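Here is a short note to read with the model open beside you. Take the points one at a time, and find each residue as you go.

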Amino acid sequence: MDARTNQSDDASHAIAAACAEAMWAEDQASRGLGIVIERVSPGEAVLSMTIRPDMTNGHGICHGGFIFTLADSAFAFACNTYDQRTVAQHCAVTFLQPSRRGDRLTAHAVERNRSGRSGIYDVTVRDGKGDVVAEFRGHSRTIAGTLLGSDT
């Protein structure tokens, strides 16, 4: 690799980190659930959350909506790493096994394709033992505006 490649990678990572910081400042939902940003890079994000007692359902396991929300938040941070406002167009989740109160879940979002205004991202949610709890696929759509600069 030459110096220009390293500078480009550094700049891309800096933009991704700044975008995450800007989004995090306004993301009351994720913060309110105790979600933590572990790592963000261009087209990728890792977020985690501990299942609290108020996140369990009538079966005594984590309500699927909270698992979906963790995955959706990871998806959002991954697809908003290019300083273009991007929202979900379509999402689907498959729950593979239950998680319980006290479990620490980690959602790893990875960009699979980004072309024009559309993107596809896969998110794997794992428990603290590394077992897969859910698989999520999100389709993104870029909208008007930026995260770091002027929206005009």
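**Notes on a predicted model**

1. Where does threonine 146 sit? You will find threonine 146 in the segment after strand E6, which covers 132-142. Its side chain reaches the backbone nitrogen of glycine 149 at 3.2 Å.

2. Now look from threonine 146 to tyrosine 82. The two are 64 residues apart in sequence, and their C-alpha atoms are 8.7 Å apart in space. Tyrosine 82 comes back in point 5, as Tyr82 in a cavity lining.

3. Is serine 41 buried or exposed? Serine 41 counts as buried, because its relative accessibility is 10% and buried means under 20%. Serine 41 belongs to strand E1, residues 36-41. Setting aside neighbours within four places in sequence, serine 41 is in contact with His13, Ala16 and Thr81.

4. Next, the inside of the protein. There is one cavity of 30 Å³ or more, and the largest cavity has a volume of about 50 Å³. Among the residues that line the largest cavity are Cys79, Tyr82, Arg114, Arg117 and Ser140.

5. Which elements give two or more residues to this lining? They are strand E5 (118-126) and E6, and E5 gives the most, with three residues. By class, the lining of the largest cavity has six polar, three nonpolar and two charged residues.

Key: Residues numbered from 1 in each chain as written. Predicted model: local features only at pLDDT ≥ 70, side-chain atom pairs only at ≥ 80, totals over all residues. Heavy atoms only, no water. Helix = DSSP H or I, 4+ residues; strand = E, 2+ residues; numbered from the N terminus. Buried < 20%, exposed > 50% of the residue type's maximum accessible area, 1.4 Å probe, protein only. Contact = heavy atoms within 4.5 Å. Polar contact = N/O pair within 3.5 Å; in protein donor to acceptor, adjacent residues only side chain to side chain. 1 Å grid on protein atoms, 1.4 Å probe; cavity = no way out; pocket = protein on both sides within 12 Å on 5 of 7 lines; lining within 4 Å. Points joined across faces, edges and corners; volume = space filled by probe spheres on them. Nonpolar A, V, L, I, M, F, W, Y, C, P; charged D, E, K, R; others polar.
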